[in-house]
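Here is a short report for a first look at this structure. Keep the sequence and the 3D view side by side as you read.

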Amino acid sequence: MQQEKRYSDMTEHELKQEIASLQERARKAEQMGMVSEFAVLERKVQMARAYLINPESFQPGEIYEIEGDPGQYFKIDYMNGVFAWGYRLKGDGKEEALPISMLKGLK
């Protein structure tokens with residue numbers, strides 16, 4: 001059995017190929033009504049995309065909009081790799097981690 005390569009070990013080209021493949025699989029899952037499979041694949045796309053973004057462009061203390069969730073904002077407490085740790089404004093105050101690909105700057 002072939003060991004899958006970690007996103008952190010992939011080149012930009014490999015990541016883009018992986019994203020395209022995952023998006024195609026997600027599209028098919030959605031068409032077939034496989035809701036949970038679709039959700040898992042969409043999450044994998046977000047994870048792979050995070051590795052194409054420079055984590056240094058995200059700053060602790062800053063507030064970002066959550067992609068795909070209009071009107072929801074996230075304040076970063078600290079960064080750990082491609083994950084931003086913090087909490088949602090108007091949320092329950094619980095700390096959570098989001099892949100940086102899910103965050104949009106408020107410019």
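Gly 33 follows α1 and has a positive phi, near 75°. Helices are DSSP runs of H or I with at least four residues, strands are runs of E with at least two, and both are numbered from the N terminus.

## Basis of the model

This is a predicted model, in which local features need pLDDT of at least 70, side-chain atom pairs count only at pLDDT 80 or more, and totals for chains, interfaces and linings use all residues. Residues are numbered from 1 along each chain as its sequence is written, and side-chain values use heavy atoms, without hydrogens or water.

## Helix α1

The buried residues of α1 are Leu 15, Ile 19, Leu 22, Ala 26 and Ala 29. Buried means under 20% relative accessible area, exposed over 50%, and partly exposed in between (1.4 Å probe, protein chains only). These residues lie on the same side of α1, because they cover an arc of only 90° around the axis. The arc is taken from the directions from the helix axis to the C-beta atoms.

The buried residues pack against α2 (35-50). His 13 and Gln 31, on the other side of α1, are exposed.

## A loop residue

Lys 90 sits in the loop between β3 (83-88) and β4 (96-99). Lys 90 is not a glycine, yet its phi is positive, about 65°. Lys 90 is exposed, with a relative accessible area of 78%.

## Nonpolar cores

The largest nonpolar core has 12 residues, including Phe 58, Tyr 64, Ile 76 and Leu 103. β1 (63-66) and β2 (73-80) are the elements that give two or more residues to this core. Such a core is a set of buried Ala, Val, Leu, Ile, Met, Phe, Trp, Tyr and Cys residues joined through side-chain atoms within 4.5 Å.

Methods
Contact means heavy atoms within 4.5 Å.
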